[in-house]
Amino acid sequence: MSRTARTRITFVSTLSFSLVALWLLIAAFPFAWTFWGSFKVQSDFFSKADWMYALWGTNTIKETGNSFTGSGYHGAWIVEGFWKNFLNSGIVVLFTVIISVTFGTLGGYALARSGFRYAFWILMAALVFRAMPHITLVSGYLLPFFEWNIWGYLPTTIIVLVAMNQPFTIWMLHSFFLNVPKDMDESAMVDGCTRFEAFRYVIVPVMWPGVITTALFSFLLAYNDFTVTVMLLSEENETIIPAINSFLGTTQVEGKVMYAVAAVVSVTAPILVLVLFFQRQIVSGLTAGAVKG
Amino acid sequence: MKHRTFFWFILPTLSAMLLFIAIPIVSTFVQSLFIQHEQVLILSKNCGPFGCSETTSVDIEATKELRQGSHLGKFNGVGTYLNRSHLAFVEVGNAWVASKTFSGFLNEVLDLPFYGALMFTLTYTAVVTPLVLLLGLAIAIGVNGLPNMMKGPSIFVSLLPFLVTPLVGSLILFWMVDGDGIIGATIQLIFNDPNLSLKASTGLTWTMLIVYGIWHTLPFSFIVFYAGLQTVPVDTLEAAQIDGATKWQRTFYVVVPHLVPLISFVTLMLLMDNFRVFEPIVSFSAEAHARSLSWIIFNDLRESGNPLYGSAGATSMLTIIGVVLLLIPVLIRTWRDFKLRSL
């Protein structure tokens, strides 16, 4: 009796372990493969004849004399000027994160502390706004932006990304501030602080865990954005993701696909580092909305 | 909190959302009611030895002037909504009359751009969402049973497909399933067909996009369920065990009910994100076989030199209506909860 139960449990756990192992393989392999392949030449990365070529770099040795080559990276970063796109992305990401977290902190705090009905309606509106596909909003921007001559510049894109980020940001910080005891700021106000002073001296010192998590997600949104940046930025102001897309349009020529591969790896690397350092915050952020129900 | 203080605290975020989310929706709607001015045509008579003939030519100057005068174009009412690229009532009606079988009618309707895109978007959402929920739950239970030192690295690896932007993630897969890439070449080898291409047929393209969608969103449902598993009450589990419940019974009667609120949260997020599927179609260059609603809006706006703002606006409004329909059950439930709380 007990023996059959044990074997069944072993069978089930073997099954679930192999499912996990399979998933981890599927999740990691494409990244590992592309990273490794980005140091090869195109005829190795796309080696129909024998996939082992991509591992050993048979053609890479033939063409360059070494089994690793940085030519893809050289082509992307220097020949195609990818560093400029990276710089643009840096500017967009930095300002989007700072502005949207500032706005979101103030708004999220107010929503968490106000018991009035309109606070609920603002949160509901934010939920609906969060669901809007970004491209539907972008189609509303283009004509006015052309007319006011603000199309194509980084500040315009930053403001738009900040706005698109707000629904998520205020929801997250709203639920974070709900967990900060009300008594803290209220006792400060009893001691004679104004609401803003209570916020500044009592809430600001304790809010950093929530703010850092929110900032991470703002970072990801701004860094990863394609829809807004591809439609709203002129060619010289392009950020990394639309730049990769325009690589593809022009790089069907032999050898140039490797530029795009190198660019893709360069874009993925910072995300890898980010997850490495902030895994706990990212996980808690993903589940922030869920735990409250 | 006093109304006045609340107002100053909420002002920055609220004005950002009003200016760049609410007003653009209105502006999209206004755009959808207008249509670009037609080209100004000049009729001229050419008389030669063999009689006179009339030729029409485009007056470029006058057209430019007219279009410059008002960017919106001329008022078209709901005309754009009803034309062939959108709801196409006339074409649907004709197809209904002309086709003998229902599947023939369906085929004809799905050839219309809007219905084709709607069909793909709904199929994608309807297939990806439940599969991601199920697989996410299974993997979460699996990872939860791993030894502690393996949990962190598993989560790290799992997060990557989700956090890497769809455009880049789908490019990475696209290169692998390319006829010369590792997966594409292997599949050709297995089926012994050197011309087999995942990009060539509609069915395979859809499958490829759906597989990508699962790969990309699975981590989200996995992480949320995994976090939920950490809060399953140990006492209840032990009590069930003492009462003689098997592992399966414990999973179905204790763990799953505990996760039900999470399931509705994950479903909501997945529905919202899957409904806007767009970047993979660009990366896979799959537009010949699969177009989503977001993609056709993008395509209208990208129309080189001559963006179709009216058409993009109309599709956008129809998409927004679709999103709101998806959200209505959630909104009603939240409203009921809120009223219960305030009673």
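Chain A falls into three stretches: domain 1 (1–35), domain 2 (38–69) and domain 3 (79–292). The model is predicted. The centres of domain 2 of chain A and domain 3 of chain A, taken over C-alpha atoms, are separated by 39 Å. Where these two parts touch, domain 2 of chain A supplies 4 residues and domain 3 of chain A supplies 7 residues. On the side of domain 2 of chain A that touches domain 3 of chain A, 2 residues are nonpolar, 2 are polar and none is charged.

As for secondary structure, chain A has 15 helices and 0 strands. The radius of gyration of chain A is 25 Å, whereas the globule rule gives 19 Å for 293 residues; chain A is therefore more spread out than a compact globule. Taken along the principal axes, the C-alpha atoms of chain A fill a box of roughly 80 × 80 × 35 Å. Of the 293 residues in chain A, 47% are buried.

Helix α12 (residues 208–224) of chain A has 17 residues, which at 1.5 Å a residue should span 24 Å; the C-alpha atoms at its ends are 24 Å apart, so the two values agree. Because 13 of the 17 residues of α12(A) are buried, this helix is largely enclosed by the rest of the structure.

The next topic is the nonpolar core. The largest such core has 153 residues, and those with the most contacts inside it are A:Leu161, A:Ile244, A:Ala263 and A:Val264. Helix α15 (residues 257–292) of chain A contributes the largest share of this core, with 14 residues. The surroundings of A:Ala263 can be followed in more detail: with neighbours within four places in sequence left aside, A:Ala263 is in contact with A:Ala76, A:Phe82, A:Ile244 and A:Phe247. One of these partners, A:Ile244, is itself listed among the residues with the most contacts inside the core.

The contact between the chains remains. It takes 77 residues from chain A and 79 residues from chain B. On the side of chain B that touches chain A, helix α1 (residues 3–32) of chain B gives the most, with 17 residues. The residues on that side of chain B divide into 57 nonpolar, 17 polar and 5 charged.

Terms used:
Residues numbered from 1 in each chain as written. Chains lettered and ligands numbered in written order. Predicted model: local features only at pLDDT ≥ 70, side-chain atom pairs only at ≥ 80, totals over all residues. Core = buried A, V, L, I, M, F, W, Y, C linked by C-beta atoms within 7 Å. Buried ≥ 20, exposed ≤ 12 C-beta atoms within 10 Å, placed from the backbone. Helix = DSSP H or I, 4+ residues; strand = E, 2+ residues; numbered from the N terminus. Expected span 1.5 Å × (residues − 1). Nonpolar A, V, L, I, M, F, W, Y, C, P; charged D, E, K, R; others polar. Domains from an automatic or database assignment. Rg over C-alpha atoms; globule rule 2.2 N^0.38 Å.
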